[in-house]
Amino acid sequence: MSELATTLQRIAAASDLASLDAERVSALGKNGWVTALLKTLGKMSPEERQTQGPAIQGQRADVAAAIDARKAALETAELDRKLATERLDLSLPAAEQPQGSVHPVSQVMDELAEIFADFGFAVAEGPEIESDWYNFTALNMPETHPARAMHDTFYVEPREGVEGTFVLRTHTSPVQIRAMQKHGAPLRVIAPGRVYRSDSDATHTPMFHQVEGLVIDRNITMGHLKWTLETFLKAFFERDDIAIRLRPSYFPFTEPSAEVDVGWSMENGRRVVGGSEGWMEVLGSGMVHPRVIAAAGLDPDEWQGFAFGTGIDRLAMLKYGMNDLRQFFDGDLRWLKHYGFSALAVPTLSAGVGA
Ligand code: DAH
């Protein structure tokens with residue numbers, strides 16, 4: 001049997017990826033027989049090369065194609081095996097013991113509601129399919145505003161009979177406008193919820209969670225903002241040594257705007273929130289822009305306020321030590337068993353919000 005026929009036979013018989021790779025090395029590797037044949041081309045006369053060249057290249061192509069095909073087959077078999085063994089029978093009767101656990105995102109939302117309720121904040125909500133006006137225009141981002149481009153927005157297909165442009169909301173900030181319109185002033189709300197942006201890697205998923213905070217009253221200053229955030233972060237991370245730093249920044253809907261950093265330090269080889277060995281950004285914030293207050297129908301000469309926004313998933317990762325955001329939304333029960341919370345341990349300030 002020719003060398004080629006033997007090789008093809010062995011490739012077809014390879015029972016796993018490791019033995020397949022051994023076949024690849026013995027044919028196409030540095031000391032492989034195909035490689036050795038290819039090296040002979042250099043010493044041939046042009047006439048010889050004209051007939052031998054295509055023949056040798058043909059053998060190389062046959063071997064490579066056979067390897068690719070076998071590899072695909074082995075991978076499919078592996079996937080089939082997984083699908084067959086990692087089975088979840090949804091028709092089984094419910095176990096007598098409750099098995100579910102509270103997802104870290106739900107847990108953190110409950111913790112936020114508990115902490116801010118203590119400061120007199122109510123929880124506000126808005127739709128996830130939001131009009132372009134609420135998501136951008138009313139927040140001082142008119143149609144041509146460059147900040148619109150930063151949001152990687154998902155647009156909703158126009159529908160007959162529905163006027164205007166709709167998007168999957170790119171942040172929870174539109175709930176500021178809805179809350180002011182609905183309740184007027186004075187006002188203290190947080191708005192947790194899902195938001196969407198076209199972005200995906202270990203720290204970004206197309207859907208994620210934010211919480212918005214809004215205070216509208218008379219004579220509100222940045223001092224109120226700073227106290228509120230510092231007190232919130234102390235309660236949330238359950239540490240008194242929380243240090244924060246406000247850095248001047250820009251958001252269209254606040255003026256002035258600040259990014260809030262929280263201090264971290266190393267504990268048992270891990271970076272934890274607390275102390276001030278270094279800083280990391282955790283929130284965006286600022287004094288609500290007078291145009292935003294006016295867009296919501298209030299008089300900016302009478303009412304001022306501050307606002308802030310942050311990622312809930314990110315807060316959960318920092319507090320509970322997960323490092324891959326994508327796993328939050330895989331629905332893998334093993335992950336939930338590890339990171340989930342007991343449904344019966346509701347976070348309360350008196351017992352510690354961390355449950
Ligand atoms: N909406 C901003 C974002 O998604 C976050 C934010 C920044 C919210 C500053 C605020 C704020 O309320 O004042 O990136």
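Tutor: A residue is called buried under 20% relative accessible area, exposed over 50%, and partly exposed in between (1.4 Å probe, protein chains only), while strands (E, at least two residues) are DSSP runs numbered from the N terminus. The model is predicted, so that local features need pLDDT of at least 70 and side-chain atom pairs count only at pLDDT 80 or more, whereas totals for chains, interfaces and linings use all residues. Residues are numbered from 1 along each chain as its sequence is written, and side-chain values use heavy atoms, with hydrogens and water left out.

Two strands pair if DSSP finds at least two bridges between them, and β7 is joined by seven bridges to the antiparallel strand β6 (residues 244-251), where Ser249 is the bridge partner of Ser257. These two strands, β6 and β7, form a hairpin with two residues between them. Strand β9 (residues 278-288) also runs antiparallel to β7, over nine bridges, and there Gly284 is the partner of Glu259. With strand β8 (residues 270-273), β7 pairs in the antiparallel sense over four bridges, Met266 standing opposite Arg271; in this hairpin, which has two residues between the strands, Asn268 takes a positive phi near 50°.

Glu255 is partly exposed because its relative accessible area is 48%, and Glu255 touches Met287 and His289 (heavy atoms within 4.5 Å), not counting residues up to four places away in sequence.
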